[in-house]
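Please look through the sequence and the structure before reading on.

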Amino acid sequence: MSTVQPGRTAASSQPATQGDKVVRLELDAQGIATLRLGAADEAVVTLTKARLDSLEQALQQLAAEPKLRGVVITGPGPGMFCAGADIGLIQDVATSAEGRAAAERGRTVFARCRQLKVPVVAAIEGPCLGGGCELALFCDVRVASDHGSTQIGLPEVKLGILPGFGGTQNLARLLGLPKALDLILNGKLLRGKAARKQGLIDRLVPSEKLLRAAREEIERLVTARRKAPPRRLRGAAFWLSRTPLRALAVRAAGKALAQGQARFYPAPRLALQCCVQAFTDSHDRGFAAEAQALGELIVTPVSKGLVHLFFLTERSKRLGKHEHARDLQRALVVGGGVMGAGIAGQLAEKGLRTRLCDVDLAPLQKAKARLQQELDKRLRRGHLERHDAQAIQDRLAVATDWGSLHDTDLWLEAVVEDLGVKQKLMAQAIARGLPDTAILATNTSSLSVTAMAQALPNPARVVGIHFFNPPEKMPLVEVIRGRDTSDAAVATACRLAVRLGKFPVVTADAPGFLVNRCLSPYLNEAARLLLEGTSAEAIDAAMLDFGMPMGPCRLLDEVGFDVAAKVSAVMQAAFPQRMVPCDLFAAMAKERHLGQKTGGGIYGKDGTGPGPGRAVVERLRQQRGTPARPASRAELVQRLVYPLVDEAYRCLDDGIVQDERDLDLGLVMGIGFPPFTGGITRWAQREGLSTILMALDTLARSGAERFSPSDGLRRRAST
Ligand SMILES: NC(=O)c1ccc[n+]([C@@H]2O[C@H](COP(=O)([O-])OP(=O)(O)OC[C@H]3O[C@@H](n4cnc5c(N)ncnc54)[C@H](O)[C@@H]3O)[C@@H](O)[C@H]2O)c1
């Protein structure tokens with residue numbers, strides 16, 4: 001076997017098609033090797049098969065190097081260590097055996113770091129995730145840069161799998177069971193400071209000192225004639241890992257995994273078992289069990305669904321990279337209510353100089369306080385430095401007057417849902433000198449963007465940017481293309497959404513766009529079921545068991561019956577055959593039992609127990625004059641979810657979105673359709689389109705015409 005000569009660089013040979021996706025190795029005159037995980041210009045390093053082969057070859061070369069004193073493993077350049085396994089490879093695994101073999105292969109390569117006789121130090125800057133983190137865990141010491149891009153962790157459960165390259169075993173032994181479970185079961189990523197605090201890294205240094213610090217660690221160990229520093233678990237970490245008290249940590253984690261949405265995800269449960277095995281079994285058996293578990297998980301529909309969703313989020317992010325997309329710097333948000341305040345706070349947080357205007361002072365003061373609350377939360381969690389929080393607050397100015405618009409490049413309105421008011425404000429913005437290049441955006445949830453832009457001199461720059469409530473939390477943004485909206489305006493809106501950390505989906509300008517249109521029959525049907533005699537608790541439990549984050553009755557309380565009544569009237573006008581609003585909406589709105597905002601609706605003020613609106617439900621039930629008929633679980637799914645599927649396909653066929661993938665992403669991010677299904681079309685195909693069609697036909701024949709399936713569903717079911 002050839003050895004690397006001091007001062008020379010060696011790149012392992014690779015198949016021509018893999019380009020330079022290999023590791024680079026350099027050995028200096030002091031016998032310290034630097035192993036870089038990629039080529040200098042590689043922006044994102046993933047663990048492809050070629051890179052693993054190359055890493056193995058390099059480590060084999062080093063094992064045969066007589067002058068070797070230590071090894072530094074680092075990224076290709078500043079801001080990147082290794083983002084983990086190539087997710088395309090995860091997607092392609094077809095059998096458990098293949099998955100297990102891939103895990104064993106990765107771990108065996110990484111374990112060569114431990115087999116080297118000399119100290120191996122990981123020098124980390126930038127993402128060090130998944131397989132990248134597992135490689136670092138096989139190193140003897142981990143040094144990280146305090147650069148903002150540094151992020152370390154094992155997010156595998158988010159793809160429905162577990163860390164399979166030794167991660168569960170090595171992290172549990174390094175940090176002890178409680179900390180390892182917290183990180184692995186939740187897929188948490190840590191910034192440099194937090195990683196140091198948790199013990200995941202040994203030393204945190206400024207970026208420019210990273211490689212020097214790594215070499216110092218090697219020299220220190222060489223002087224002490226050690227390969228690795230001594231490590232022992234202490235205190236609670238010891239007692240809760242290495243003694244029978246471990247049962248306490250296991251019970252607490254197991255309890256959390258049995259509740260809520262966690263029930264639907266098998267990966268954290270298997271990861272828990274593997275982490276425990278790190279303390280109850282030999283290294284070899286622990287590693288073997290981990291590989292076996294990875295093999296089982298990687299072929300589950302849950303993992304395939306989550307991986308599918310991952311690619312959809314990447315596709316959505318690419319919308320922001322369109323050649324016509326511009327970066328925006330200065331925003332004016334008009335309307336400082338529920339939505340405007342949240343949006344303005346988000347804009348300021350992501351670096352836009354933002355002015356929030358309202359006719360009233362009170363909402364403006366509230367908006368500043370709301371932003372401060374958000375910032376305080378992040379300060380408490382250590383996710384933000386105080387001076388950064390101050391800078392964000394300083395970027396958000398509030399006023400009752402718009403001031404000068406000459407350098408504004410985003411004008412966005414979030415005032416009352418009234419076409420006349422919105423049209424007038426847009427015209428005013430232009431009259432007051434908004435530059436020709438600025439985007440005019442509306443956050444409307446039901447009005448026509450085309451109509452809003454109609455009378456303006458340049459309607460091409462008017463676009464809908466529909467945030468969901470609350471904008472701080474909701475990940476979806478519908479970017480609405482009006483009849484005259486330009487590609488550049490759409491692309492710029494998408495870029496803004498991505499900058500805010502959201503996922504844009506582009507929709508056509510039609511009632512309800514995508515999300516509210518699909519949500520409408522779902523919420524309507526829940527209200528009908530309620531009036532027919534199914535309890536709100538039973539309806540919500542059925543949908544929680546389906547995997548929704550919240551039942552539809554609770555959701556109605558959150559949305560507010562006034563909003564539900566208003567939106568459903570718009571939807572009825574557009575789709576009179578199938579979207580006639582349930583009487584409950586108007587009745588609740590009339591009696592001001594609006595939901596959370598008025599001290600309760602179907603549920604009480606805090607979202608639990610019966611609320612004041614139950615009396616309205618009871619009265620409407622009696623007026624119906626038919627005996628109460630509680631629906632079965634199966635009927636609930638058929639009447640709530642099947643029409644949602646049909647409406648989604650109708651949106652595709654009507655050109656509201658262009659691709660099934662938009663339906664999958666839009667409804668997961670917009671209404672919380674269970675992510676583990678991979679999205680609504682994936683779920684529908686697994687459920688069987690002909691099953692759905694047949695059930696809807698039967699419901700329609702029983703007299704409820706609203707269920708009549710679309711021709712599109714019929715066509716799809718027949719192929
Ligand atoms: N609330 C939601 O869940 C939600 C979700 C998505 C979109 N939207 C849309 O966002 C928009 C705002 O909704 P909201 O819930 O924030 O309403 P809101 O009633 O909470 O806030 C509207 C604000 O606009 C202000 N305002 C009214 N006329 C104004 C004017 N001429 N100039 C400046 N300010 C003016 C009001 O004082 C009020 O503070 C609507 O178009 C709505 O359809 C709402």
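Eight strands make up an open sheet with mixed pairing, in the order β13-β12-β11-β14-β15-β16-β17-β18. Here two strands pair if DSSP finds at least two bridges between them. The edge strands, β13 and β18, each pair on one side only. On average, neighbouring strands of the sheet are turned by 25° against each other, direction ignored.

The model is predicted: local features need pLDDT of at least 70, side-chain atom pairs count only at pLDDT 80 or more, and totals for chains, interfaces and linings use all residues. Residues are numbered from 1 along each chain as its sequence is written. Helices (H or I, at least four residues) and strands (E, at least two) are DSSP runs, numbered from the N terminus.

Strands β14 and β15 run parallel and are joined by four bridges. In this pair, W411 stands opposite L440 of β15.

Helix α19 has 13 residues and reaches 18 Å from its first C-alpha to its last.

After α19 comes G501, with a positive phi near 85°.

The ligand is surrounded by 23 residues, and G335, G337, V338, M339 and N469 are the closest. Helix α14 gives the largest share of this shell, three residues.

Conventions:
A residue is near a molecule or strand if its C-beta atom, placed from the backbone, lies within 6 Å of it. The expected span of a helix is 1.5 Å times one less than its number of residues. Axes are lines fitted to C-alpha atoms, for helices over the stretch in contact, and angles run from 0 to 180 degrees between N-to-C directions.
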